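Hello,

Here is the structure I promised to pass on to you. Please open it below, and then read on for what I found in it.

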Amino acid sequence: MGNGTRIGRVRGLGSSHQGAHHWLLQRFTAVGNLLLVLWLVFSLLAMPDYSYGTVYGWLSSPFAATAMVLLIVSTFWHARLGMQVMMEDYLHGANRFAVLLLLNLAFVALGVFGVVSVIRIALGGA
Amino acid sequence: MAHPKGNAARPLSPHLSIWKWSPAMAVSILHRVSGNGLAVAGVAVLLWFVGAIASGPAAYETFAAVMGSPIGIIVLIGISWAFFNHLMSGIRHLVLDVGAGYEVDRNNRWSTISILLGILLTVLFWAVILFAK
């Protein structure tokens with residue numbers, strides 16, 4: 001394969017037209033994180049102690065379980081988007097694709113583990 | 001790109017060795033450091049927390065013992081600072097997104113304030129945890 005024409009060298013290598021979507025999701029999840037992590041901070045501050053009974057009783061309530069599931073979805077999504085931007089800045093070539101693939105799989109798997117844990121607590125499984 | 005020819009007198013960009021720290025640069029790299037710190041350590045501790053509660057009292061006791069040790073407390077202080085720092089610089093980003101705060105003086109002032117507020121909120125959080133219980 002030759003070096004191609006000037007237009008041929010850049011065609012298909014520029015913007016994938018996903019940038020605005022990524023940018024907007026980063027802001028939407030940022031607002032979600034702002035509310036949900038502050039809920040977690042104030043919940044932790046309001047607890048009389050951190051014994052098993054206290055934290056279990058807190059997280060098994062429907063409100064706390066709902067907020068924690070939303071917190072995991074919002075923060076993990078935001079973390080995945082942010083780490084992807086960092087890796088796109090520092091990684092190049094074939095490694096970048098492999099690392100981004102692993103990053104996305106890892107955050108989905110970790111998030112599902114967190115959600116399953118909260119559901120188990122909320123439904124009284126532990 | 002090929003090396004430029006025939007126009008050697010044109011100005012070159014400053015490169016990596018020509019810069020000095022400014023508040024905007026500090027808040028920018030701290031935003032990245034705290035965000036990625038949260039994505040690793042914050043995610044790990046949060047998942048261990050909910051996973052241990054879901055697994056029962058014995059698993060939670062292990063989690064609580066590790067987090068209550070001196071190293072655990074240092075990790076938790078680090079995560080809480082990363083959160084409050086990222087929260088403050090993140091709010092700054094949302095303000096910048098609407099096009100406000102780009103004047104040099106104002107930008108430097110709010111960069112410094114967001115870093116200081118992140119530290120202040122971390123101190124207040126731990127003051128309540130450690131002394132108001």
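Let me start with a pair of helices in chain B: H1(B) passes H4(B) in a left-handed crossing. I call a crossing left-handed if the near helix is turned anticlockwise from the far one by less than a right angle, and right-handed if clockwise. Helices (H or I, at least four residues) and strands (E, at least two) are DSSP runs, numbered from the N terminus.

Before going further, please note that this is a predicted model, in which local features need pLDDT of at least 70, side-chain atom pairs count only at pLDDT 80 or more, and totals for chains, interfaces and linings use all residues. Residues are numbered from 1 along each chain as its sequence is written, while chains are lettered from A and ligands numbered from 1 in the order in which they are written.

Back to that helix pair. H1(B) and H4(B) pack at an angle of about 40°, and their axes are 8 Å apart; axes are lines fitted to C-alpha atoms, for helices over the stretch in contact, and angles run from 0 to 180 degrees between N-to-C directions. That makes H1(B) oblique to H4(B), given that angles under 35 degrees count as roughly parallel, over 145 as roughly antiparallel, 65 to 115 as roughly perpendicular and the rest as oblique. On the H1(B) side, B:Pro23, B:Ala24, B:Ala26, B:Val27 and B:Leu30 meet B:Asn107, B:Asn108, B:Ser111, B:Thr112, B:Ser114 and B:Ile115 of H4(B). Two residues are in contact if their C-beta atoms, placed from the backbone, lie within 7 Å. By class, this contact of H1(B) with H4(B) has six nonpolar, five polar and no charged residues. For the classes, Ala, Val, Leu, Ile, Met, Phe, Trp, Tyr, Cys and Pro count as nonpolar, Asp, Glu, Lys and Arg as charged, and the others, Gly among them, as polar.

Now to chain A, which has five helices and zero strands. Buried residues account for 20% of its 126 residues; a residue is buried if 20 or more other C-beta atoms lie within 10 Å of its own, exposed if 12 or fewer, and partly exposed in between. Among contacts in chain A between residues at least 6 apart in sequence, 69% join residues at least 24 apart.

Helix H5 of chain A (residues 94–122) is worth a look. With 29 residues, H5(A) reaches 43 Å from its first C-alpha to its last, close to the 42 Å expected at 1.5 Å a residue (the expected span is 1.5 Å times one less than the number of residues). Its buried residues are A:Gly111, A:Gly114, A:Ser117, A:Val118 and A:Ile121. These buried residues of H5(A) pack against helix H3 (52–59) and helix H4 (62–90) of chain A, together with helix H1 (23–55) of chain B. The axes of H4(A) and H5(A) come within 10 Å and cross at roughly 170°, which makes H4(A) roughly antiparallel to H5(A). Their contact has 19 nonpolar, four polar and three charged residues. Just after H5(A), A:Gly124 takes a positive phi of about 75°.

A:Trp58 is found in helix H3 of chain A and A:Ser43 in helix H2 of chain A. A:Trp58 is partly exposed, because 19 other C-beta atoms lie within 10 Å; A:Ser43 is also partly exposed, with 15. The two are 15 residues apart in sequence and 8.7 Å apart in space, C-alpha to C-alpha. Leaving aside neighbours within four places in sequence, A:Trp58 is in contact with A:Ser43, A:Met47 and A:Ala64.

Finally, the interface. In total, 24 residues of chain B are in contact with 25 residues of chain A. The largest share of the chain B side, 13 residues, comes from H1(B). By class, the side of chain B that touches chain A has 16 nonpolar, six polar and two charged residues.

In H2(A), A:Arg27, A:Ala30, A:Leu34 and A:Val37 meet B:Phe83, B:Leu87, B:Gly90, B:Leu94 and B:Asp97 in H3(B). The residues of this contact divide into six nonpolar, one polar and two charged.

Enjoy exploring the model!

Best wishes
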